[in-house]
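Start with the view below.

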Amino acid sequence: MEKLNDLLADILDENLVKIIISGKKNKESDTDKIKVRAVAIKGKIEFQITRYVGKQVLHSNETKNDAINKILNEMNTNFKQCQIETVDKDYSVLVSKKGKVTISSKNKKVRAAQCDLHHNRSKKYLLDPGVKVDFLVDLGVMTQDGKIVNQKYDKFRQINRFLEFINDILPQLDKDRELTIIDFGCGKSYLTFAMYYFLKVLKGYDIRVIGLDLKEDVINNCNKLAKKYGYEKMEFIMGDIADFTGTDKADMVVTLHACDTATDYALDKAVKWGAKVIMSVPCCQHEVNAQIKNKELEPILKYGILKERLSAIVTDAIRAEILEANGYETQILEFIDMEHTPKNLLIRGIKTGKKNKSEDYKKLIDDLNIDPTLNRLL
């Protein structure tokens, strides 16, 4: 395996496009195929190893040395061939039954595009990473010359992921009139500015955007930035979600990481305003965690971290069911990868007027001895 070790040591860098390991020779191995590619994590190059085990796809990120050791081990014990693609060359590696390694290579006539190290080489973002956007510069995501700051690439991916969810629901939004969009718990407003830029500047919608947050300094800064960019009909207000009376209607309500029951008050207002679209990323669901009791679930509930996770799942499931009961077609979607944050679920509701009459969630509420805020409000 020395020849393969030397090759891997030479080609495992940012110019690696992919490695495909296949041709299983060990029937006892549960892994059918392995894929390796370069990724950038917090400014450092690592190597994502993807294992295909039956219907499961398992990922791990490894340092260069660990990746080499794992590839050598697989080729030594479980597989007999691998195909390696780099920017400049293609390699074919074969391992005989006696362990002899044969390596052939071929130069590419046309140099391949360098691998996008930020986890999605073929991804086309809704915001072009090569085009300077003022609000991304001021928020520290992009440099003055329009390049994404390495340490902020996860935030850039998050922004684009959020815009993908908005792009999906564009057919639900009326382009012939002004639309009111409320962002509860807007914080520094990465996503609020992105939403305005995407809908108003890129897509041409007539929108009025209101951001609400409890922090006065954050609100003041956001208002200054909105004025600086010339974002008309965009304002930020300091206040509590539960007490907000700044409008009597909304076409879309967004609530991102609104803490605990603040999410419930935002969903309540969205439903009562008849919002066509609701997008909510919940945060720190303490309410159910403090209430939940069930004898059969005690083996789970006695462990704090499991109780916390179960409470979060139950809270969001009930929220989704209540939206369904109030005429919304509801989905729970992955917002961003778990490796970036555990708070990665997005509840998206589209108003259809068709109410789900199932009351199974009410039985769940009774069985778990809980009293969720949204159930009381709606």
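A residue is called buried under 20% relative accessible area, exposed over 50%, and partly exposed in between, with a 1.4 Å probe and protein chains only. The model is predicted: local features need pLDDT of at least 70, side-chain atom pairs count only at pLDDT 80 or more, and totals for chains, interfaces and linings use all residues. Residues are numbered from 1 along each chain as its sequence is written, and side-chain values use heavy atoms, with hydrogens and water left out.

First, the whole chain. It has 12 helices and 14 strands. These are DSSP runs numbered from the N terminus: helices are H or I with at least four residues, strands are E with at least two. Along the principal axes, the C-alpha atoms fill a box of roughly 75 × 60 × 35 Å. Of the 378 residues, 46% are buried. Contact means heavy atoms within 4.5 Å. Among contacts between residues at least 6 apart in sequence, 64% join residues at least 24 apart. The accessible surface is about 19,600 Å², and carbon and sulfur atoms hold 47% of that surface. Such areas come from the Shrake-Rupley method with a 1.4 Å probe; for residues, only the protein chains shown count as cover.

Seven strands form an open sheet in the order 4-3-2-1-5-6-7, with antiparallel pairing. Strand 4 (56-62) and strand 7 (101-107) are the edges; each has a single partner strand, so one side of each lacks a neighbour in the sheet. Neighbouring strands here are turned by 20° against each other on average, direction ignored. Two strands count as paired if DSSP finds at least two bridges between them. Axes are lines fitted to C-alpha atoms, for helices over the stretch in contact, and angles run from 0 to 180 degrees between N-to-C directions.

Follow the pairs across this sheet. Strand 1 (residues 16-24) and strand 5 (residues 79-86) run antiparallel and share seven bridges. Ser-22 is in strand 1, and its bridge partner in strand 5 is Gln-81. Is Ser-22 buried or exposed? At 18% relative accessibility, Ser-22 counts as buried. Leaving aside neighbours within four places in sequence, Ser-22 is in contact with Lys-33, Phe-79, Lys-80 and Gln-81.

Strand 5 also pairs with strand 6, antiparallel, through five bridges. Glu-85 stands opposite Asp-90 in strand 6. A hairpin of two residues joins strand 5 to strand 6. Strand 6 then pairs with strand 7 in the antiparallel sense over seven bridges, where Tyr-91 stands opposite Ser-105 in strand 7. This hairpin has five residues between its strands, and Gly-99 in the turn has a positive phi of about 90°.

Helix 2 (residues 64-77) lies across several strands, including strand 2 (33-41), strand 3 (44-53) and strand 5, and runs at about 140° to strand 5.

Look next at Ile-41, in strand 2. Its relative accessibility is 21%, so Ile-41 counts as partly exposed.

Strand 9 (residues 207-213) and strand 10 run parallel, joined by five bridges. In that pair, Val-209 stands opposite Met-234 in strand 10.

Finally, two loop residues. Most residues other than glycine have a negative phi. Lys-233 has a positive phi, near 55°. Lys-233 sits in the loop between helix 6 (216-229) and strand 10, and at 37% relative accessibility it counts as partly exposed. Asp-260 also has a positive phi, of about 50°. Asp-260 lies in the loop between strand 11 and helix 7. At 17% relative accessibility, Asp-260 counts as buried.
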